[in-house]
Amino acid sequence: MESISMMGGSRSPLFLTAASSHRLHHCQASFLPNGVKNGVGDMGTTSLSAPPTVAILGSGDFSKCLSIRLLRRGFHVVVGSRHPNLAAQSFPHVVDVTHHEDAVGKASVVFLAIRREHYSVLWDLKHLLEGKILVDVSNNRRVNQYPESNAEYLASLLPDSIVVKAFNVISAWAMQQTCPKDASTQVFVCSDSVEARQQIMELARQLNFQPVDVGTLSASRDIENLPIQLFPGWKGPVLAAVALSIFFFAYSFIRDIIHPYVKYKQSDFYKIPIEMVNRTLPTVAITLLALVYLAGQLAAAHQLYYGTKYRHFPHWLEGWLQSRKQLGLLSFFLAAVHVLYSLCLPMRRSERYLLLNTAYQQVHANVENAWNEEEVWRVEMYVSFGIMSLGLLSLLAITSIPSVHSTLNWREFSFIQSTLGYIALLIATFHGLLFGWKRAFEEEAYRFYLPPSFVVALALPVCVILGKVLMLLPCVARKLHRIRRGLDSSQYRCQRLEPVGSAAHISPERVTIM
């Protein structure tokens with residue numbers, strides 16, 4: 001059968017303390033290819049045919065899927081359960097389902113597939129788990145549920161065991177698939193033991209997963225929070241989009257619904273489901289797109305003010321910069337929904353009635369030709385600019401997909417997301433200006449002394465475009481370019497260490513400042 005090589009890499013023994021070296025002595029009899037064990041049998045002969053054995057404590061869904069996956073890769077699996085006779089019915093017959101004590105004694109690598117509330121059962125197994133690698137796959141029910149992570153708590157309960165946090169981000173659904181394509185294949189691994197960490201990473205590779213070394217066991221808290229976080233990077237952008245939607249909807253509702261009702265006793269409440277929503281969507285979309293590039297301009301202004309790129313941004317600006325992708329995707333989504341709503345406008349019954357009324361009024365007024373050259377050109381250009389801006393937004397959204405992003409180099413990605421992004425914002429601004437046209441200068445357009453919605457929506461995009469023009473001025477662009485190359489020009493610049501010895505001949509471009 002197919003087997004696994006779980007030998008640790010060639011690390012210097014200086015990385016291990018005496019205590020950790022003693023605990024790893026038992027694990028040095030690790031698995032070799034073709035089922036050969038790096039150790040001597042009881043009779044003084046080397047075992048040549050026995051497949052490597054892995055123990056799993058727990059008989060839930062994850063344990064079942066993990067055991068099947070290990071069997072496919074040529075391992076012998078031993079499952080420890082509180083009720084082995086009952087649990088054996090859910091496992092393949094080749095899986096040895098037994099009590100916890102027997103399962104632990106048959107393997108040097110033990111997967112712990114039980115919840116933290118049941119860690120007390122391990123206390124009676126403490127002497128059997130001494131020197132063994134204990135892989136904790138548990139998760140909590142909410143973020144930061146306990147003062148310490150489950151893996152750290154387990155390490156404190158079993159100080160003589162080698163605890164490794166891994167496989168907790170892999171679901172049972174992904175585990176039972178031979179080659180997972182619709183689920184994540186990354187396995188985050190952390191442990192205080194370098195050798196144990198390498199062995200579990202090699203095990204993950206043999207199971208067709210992609211291991212990621214995240215360091216010591218102190219990183220286990222972050223790993224345990226990953227599976228239970230609900231879109232952590234989307235919270236701020238979504239709240240911003242919701243707040244802007246409420247503001248613009250209420251603003252349009254007061255101007256276009258309440259004002260005609262109060263002044264003329266005209267009921268336009270039928271416009272709320274489609275027309276009012278359609279007026280809100282583009283205003284929020286262009287505002288979010290402007291916020292994407294406003295963050296970069298504020299970061300550039302911060303660097304220009306302090307004359308260095310090494311001074312940390314404020315926390316609010318740092319979070320804003322990290323949320324630009326989400327803001328851009330929300331902008332694209334709202335713009336796409338706006339297009340769908342706009343296509344549905346002529347299908348409304350109210351629109352048909354208005355069209356018939358307009359035709360009747362023209363016939364009654366004996367108007368033979370209602371052609372308006374200026375209005376025709378305005379609408380043609382207005383629609384054309386809208387289509388172009390949506391097309392560019394689609395390109396920005398597609399290139400933000402990781403599989404597409406990985407095929408582009410940094411210059412190509414920067415050109416699409418920055419240069420074409422500003423062009424999309426500029427075209428979208430023209431789209432809004434053509435929509436409003438002369439209404440911004442008409443007195444009757446200011447209802448309750450409030451300007452039209454498009455004037456409020458275009459204020460921020462126009463400011464961002466003007467800010468970009470300012471950044472492109474030679475005097476500003478040259479200074480910003482020098483700062484981003486590391487040529488500080490203020491008292492806040494970082495203190496550089498003088499090179500010593502052979503380091504004096506290293507090019508400054510090769511130096512990385514952490």
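Reader: What is a polar contact, before we look at one here?

Author: A polar contact is a pair of N or O atoms within 3.5 Å. In this predicted model, the side chain of Ser252 makes one with the side chain of Ser453, at 3.0 Å.

Reader: Where does Ser252 lie, and which residues does Ser252 touch beyond four places away in sequence?

Author: Ser252 belongs to helix 9, which runs over residues 235-264. Setting aside residues up to four places away in sequence, Ser252 touches Ile257, Met276 and Ser453.

Reader: Is Ser252 buried or exposed?

Author: A residue is called buried under 20% relative accessible area and exposed over 50%. Ser252 has a relative accessible area of 1%, so Ser252 is buried.

Reader: How is Arg82 to be read on that scale, buried or exposed?

Author: Arg82 counts as exposed because its relative accessibility is 57%. Arg82 sits in the loop between strand 2 (76-80) and helix 3 (84-87).

Reader: Which residues is Arg82 in contact with, leaving aside neighbours within four places in sequence?

Author: With those neighbours left out, Arg82 is in contact with His100 and His118. Arg82 and Val121 are 39 residues apart in sequence, while their C-alpha atoms are 9.5 Å apart in space.

Reader: What do the contacts in the chain as a whole show about separation in sequence?

Author: Take the contacts between residues at least 6 apart in sequence: 71% of them join residues at least 24 apart. The chain has 514 residues, and buried residues make up 40% of them. Its secondary structure comes to 18 helices and eight strands.

Reader: How many disulfides does a search of the whole structure find?

Author: The test is a pair of cysteine sulfur atoms within 2.5 Å. The search finds zero disulfides. As for cysteines, Cys65 has a relative accessible area of 10% and is therefore buried. Cys190 also counts as buried, at 0% relative accessibility.

Reader: How should I read a pocket, such as the second largest pocket, and what is its volume?

Author: Start with the volume, then turn to the lining. The second largest pocket has a volume of about 1,200 Å³. Its lining has 35 residues, and Tyr293, Arg324, Ser414, Gln417 and Ser418 lie nearest its centre. By type, the lining residues are 19 nonpolar, eleven polar and five charged.

Reader: Which helices each supply at least two residues of that lining?

Author: Among them are helix 10 (272-306), helix 12 (324-344) and helix 14 (373-399). Helix 16 (410-436), helix 17 (453-471) and helix 18 (474-484) each supply at least two as well.

How values were computed:
Residues are numbered from 1 along each chain as its sequence is written. This is a predicted model: local features need pLDDT of at least 70, side-chain atom pairs count only at pLDDT 80 or more; totals for chains, interfaces and linings use all residues. Side-chain values use heavy atoms; hydrogens and water are left out. Buried means under 20% relative accessible area, exposed over 50%, partly exposed in between (1.4 Å probe, protein chains only). On a 1 Å grid over the protein atoms alone, a cavity is a set of points where a 1.4 Å probe fits but cannot get out, and a pocket is an open set with protein on both sides within 12 Å along at least five of seven lines; lining residues have an atom within 4 Å of a point. Grid points are joined across faces, edges and corners, and a volume is the space filled by probe spheres set on the points. Ala, Val, Leu, Ile, Met, Phe, Trp, Tyr, Cys and Pro count as nonpolar, Asp, Glu, Lys and Arg as charged, and the others, Gly among them, as polar. A polar contact is a pair of N or O atoms within 3.5 Å; within protein, one must be able to donate a hydrogen and the other to accept it, and residues adjacent in sequence count only if both atoms are side-chain atoms. Contact means heavy atoms within 4.5 Å.
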